[in-house]
Amino acid sequence: MKKIGSKVILFCLALIATSCGSCSSQKQKTAESSEIPAVRGAATAEATLIQGYFLKNTYTFDGDMAFFVFGDQASFDNYMGAGRTMSNNPSVPSFTKNVVAAIASRPTDIKTAISVTRVEMQGDKAAVHFEVTPGEKIGYTMTPQILFSFPKTEGLKTVEFVTGGKTVKTIVLDRRSAGAPKDVSDLKKNFMGTYAGTLPCADCGGIETELTLNPDYTYRLSRIYKGKGDGKPVIENGKWTVSEDLAFIELNYDGGEKTCFALIDGRTVEKLDNQAMPVKSGANYRLVKK
């Protein structure tokens with residue numbers, strides 16, 4: 001950190017990693033983690049750039065950007081691959097003392113840098129401020145991304161990703177239940193099937209619900225509103241996605257609201273609110289596998 005008068009020169013995290021579809025033989029560069037000078041101020045955390053890893057090309061983007069907070073080695077390995085060489089072996093991030101996070105954007109043929117300008121700690125939340133800077137057109141496809149960590153403080157509950165003064169993503173920490181899937185393979189093997197139960201209803205006698213999850217990322221949701229309407233089931237078919245930490249699934253239905261269910265264990269899911277958080281009620285929002 002270098003001072004000039006009252007101004008402080010801030011150093012940015014910056015990393016461009018390349019993932020090519022048509023040029024899969026391209027080598028990934030690896031390096032040790034590099035320290036980023038701490039920005040002075042009680043509300044700012046010191047961050048560390050982690051090099052030598054890349055987002056696996058099996059990841060499917062739902063939007064233009066993707067944000068990750070990894071709570072353990074299993075969730076990290078599910079999404080990130082190591083660019084190991086004979087002369088360089090990237091160090092393993094620490095998940096007990098640090099928050100390990102990543103930002104990536106959709107594959108592009110425009111050379112693009114993602115940089116983290118600062119990490120602010122505000123009570124029980126951390127705000128990661130970042131910038132995306134496009135450059136010149138290149139002759140191959142790359143996946144711009146950055147992987148970094150910062151100290152985990154006691155009581156930290158959420159990580160917000162902020163760009164242009166606007167929060168574009170909020171990730172809640174420690175949402176995983178003890179029985180949540182260890183990886184995507186575990187999810188597809190042990191959590192697929194049909195779950196059923198009666199969910200609370202504000203203006204009817206309950207919602208008889210059946211949710212079927214299929215390994216091809218499709219689902220079928222059937223709901224009967226007891227004592228309301230014609231008693232016929234309302235059927236919804238669509239695609240499901242899973243959160244980065246494998247804590248919950250999100251049902252994506254064209255023309256309808258997104259619905260989230262926590263993955264409690266291989267036999268139980270629990271309906272969440274529209275912020276993917278447990279419903280604050282004493283009522284039972286769980287479905288059990290048939």
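## Cysteines and their link

Cysteine 204 counts as buried because its relative accessibility is 17%, where buried means under 20% relative accessible area, exposed over 50%, and partly exposed in between (1.4 Å probe, protein chains only). Cysteine 260, at 6% relative accessibility, counts as buried too.

Cysteine 204 is joined to cysteine 201 by a disulfide, with 2.2 Å from S to S; a disulfide here is a pair of cysteine sulfur atoms within 2.5 Å. The structure holds 1 disulfide. The link of cysteine 201 and cysteine 204 is right-handed, with 130 degrees about the S-S bond.

## About the model

This is a predicted model, in which local features need pLDDT of at least 70 and side-chain atom pairs count only at pLDDT 80 or more, while totals for chains, interfaces and linings use all residues. Residues are numbered from 1 along each chain as its sequence is written, and side-chain values use heavy atoms, with hydrogens and water left out.

## The overall picture

Helices (H or I, at least four residues) and strands (E, at least two) are DSSP runs, numbered from the N terminus. The protein has 290 residues, and 42% of them are buried.

How do the residues meet? Among contacts in the protein with a separation of 6 or more, 58% are between residues 24 or more positions apart; contact means heavy atoms within 4.5 Å. Aspartate 77, for its part, sits in helix H1 (residues 73-79) and counts as partly exposed, at 36% relative accessibility. The C-alpha atom of aspartate 77 is 8.5 Å from that of aspartate 183, although 106 residues separate the two along the chain.

## Two nonpolar cores

The largest nonpolar core has 23 residues, and those with the most contacts inside it are Ile103, Phe148, Phe150 and Phe161. A nonpolar core is a set of buried Ala, Val, Leu, Ile, Met, Phe, Trp, Tyr and Cys residues joined through side-chain atoms within 4.5 Å. Elements giving two or more residues to this core include strand S10 (98-105), strand S11 (108-122) and strand S12 (125-142). S11 provides the largest share of this core, 4 residues.

Beyond its neighbours within four places in sequence, isoleucine 103 is in contact with residues including Met65, Phe67, Val116, Phe130, Phe148 and Phe161. Another core, of 18 residues, lies apart from the largest one, and Leu199, Trp240, Phe261 and Leu287 are among its members.

## Pockets to explore

Rolling a probe the size of a water molecule over the atoms shows where empty space is left. On a 1 Å grid over the protein atoms alone, a pocket is an open set of points where a 1.4 Å probe fits, with protein on both sides within 12 Å along at least five of seven lines; lining residues have an atom within 4 Å of a point. The largest pocket has a volume of about 1100 Å³, a volume being the space filled by probe spheres set on the points, which are joined across faces, edges and corners. Of its 33 lining residues, Tyr59, Asp62, Thr241, Val242 and Glu244 lie nearest the centre. S15 gives the most to this lining, with 5 residues.

The second largest pocket holds about 400 Å³ of space. It is lined by 17 residues, with Arg223, Glu257, Lys258, Thr259 and Lys271 closest to its centre. Strand S17 (207-213), strand S18 (218-225) and strand S21 (259-265) each supply at least two residues of this lining.
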